[in-house]
Amino acid sequence: MNAEFAIPVMPSETTSPQTSKPTIPSDVAISLLQRLSSDDQFRELFKSNPRMALREVGYILPPTATTPMCMMVTELASKTEIQHAHDGLHAHLTGAARGAMHVVFTFEHGRIQDVLKAV
């Protein structure tokens with residue numbers, strides 16, 4: 001795997017019990033999903049610089065960490081698509097779903113439901 005896309009495992013409070021992949025705290029996931037489903041400027045930032053977008057919602061990756069693959073998309077899902085999948089995406093991001101932060105197409109237009117069905 002390219003080191004640019006790797007993300008280190010965080011302490012146990014941010015690690016899903018089902019996987020060693022890091023998870024996003026619930027309040028950060030809520031903020032991220034709210035902004036992705038309503039804020040055009042934030043959506044543009046997320047598409048161009050997901051790391052900075054994460055910082056804006058309170059999730060600061062260490063300087064040596066890389067951007068999670070699931071945050072990198074070719075075409076961002078619509079605001080409506082994200083709104084309709086809010087609960088499933090929240091579970092996916094916070095580790096309540098077994099594949100938290102693992103599926104590459106988490107925020108990809110037309111792929112959200114496929115991702116949520118796979119976890």
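## Ground rules

Since this is a predicted model, local features need pLDDT of at least 70 and side-chain atom pairs count only at pLDDT 80 or more, while totals for chains, interfaces and linings use all residues. Numbering starts from 1 along each chain as its sequence is written, and side-chain values use heavy atoms, with hydrogens and water left out.

## The overall layout

The chain has six helices and zero strands, so from the N terminus on it reads α-α-α-α-α-α (helices are DSSP runs of H or I, at least four residues; strands are runs of E, at least two; both are numbered from the N terminus).

Of the 119 residues in the chain, 42% are buried. Here, buried means under 20% relative accessible area, exposed means over 50%, and partly exposed is in between, with a 1.4 Å probe and protein chains only. Take the contacts (heavy atoms within 4.5 Å) between residues at least 6 apart in sequence: 63% of them join residues at least 24 apart.

## Salt bridges across the chain

A search of the whole structure turns up four salt bridges, each being a side-chain nitrogen of Lys or Arg within 4 Å of a carboxyl oxygen of Asp or Glu. One of them pairs R35 with E56, with the closest N and O atoms 3.0 Å apart. This pair links distant parts of the chain: R35 sits in helix α1 (residues 26-36) and E56 in helix α3 (residues 50-56), 21 residues apart. R35 is partly exposed at 22% relative accessibility, and E56 is partly exposed too, at 45%.

D40 and K79 make another salt bridge, at 2.8 Å from N to O. That one also ties distant parts of the chain together, with D40 in helix α2 (residues 40-48) and K79 in helix α4 (residues 79-84), 39 residues apart. D40 has a relative accessible area of 47%, which makes it partly exposed, and K79 counts as partly exposed at 28%.

K47 and E44 meet in a salt bridge at 3.0 Å, N to O. Both lie in helix α2, three residues apart, or about one turn of the helix. K47 is partly exposed at 39% relative accessible area, as is E44 at 47%. Salt bridges with shared partners also join R35, D39 and E56 into one network.

## Where α1 meets α5

The axes of α1 and helix α5 (residues 86-94) come within 9 Å and cross at roughly 140°. Axes are lines fitted to C-alpha atoms, for helices over the stretch in contact, and angles run from 0 to 180 degrees between N-to-C directions. The two helices are therefore oblique to each other; under 35 degrees would be roughly parallel, over 145 roughly antiparallel, 65 to 115 roughly perpendicular, and the rest is oblique.

On the α1 side, S26, A29, I30, L32 and L33 meet H86, L89, H90, L93 and T94 in α5. By class, this contact has six nonpolar, four polar and no charged residues (Ala, Val, Leu, Ile, Met, Phe, Trp, Tyr, Cys and Pro count as nonpolar, Asp, Glu, Lys and Arg as charged, and the others, Gly among them, as polar).

## A look at H90

H90 belongs to helix α5 and is buried, with a relative accessible area of 19%. Setting aside neighbours within four places in sequence, H90 is in contact with S26, A29, I30 and L33.
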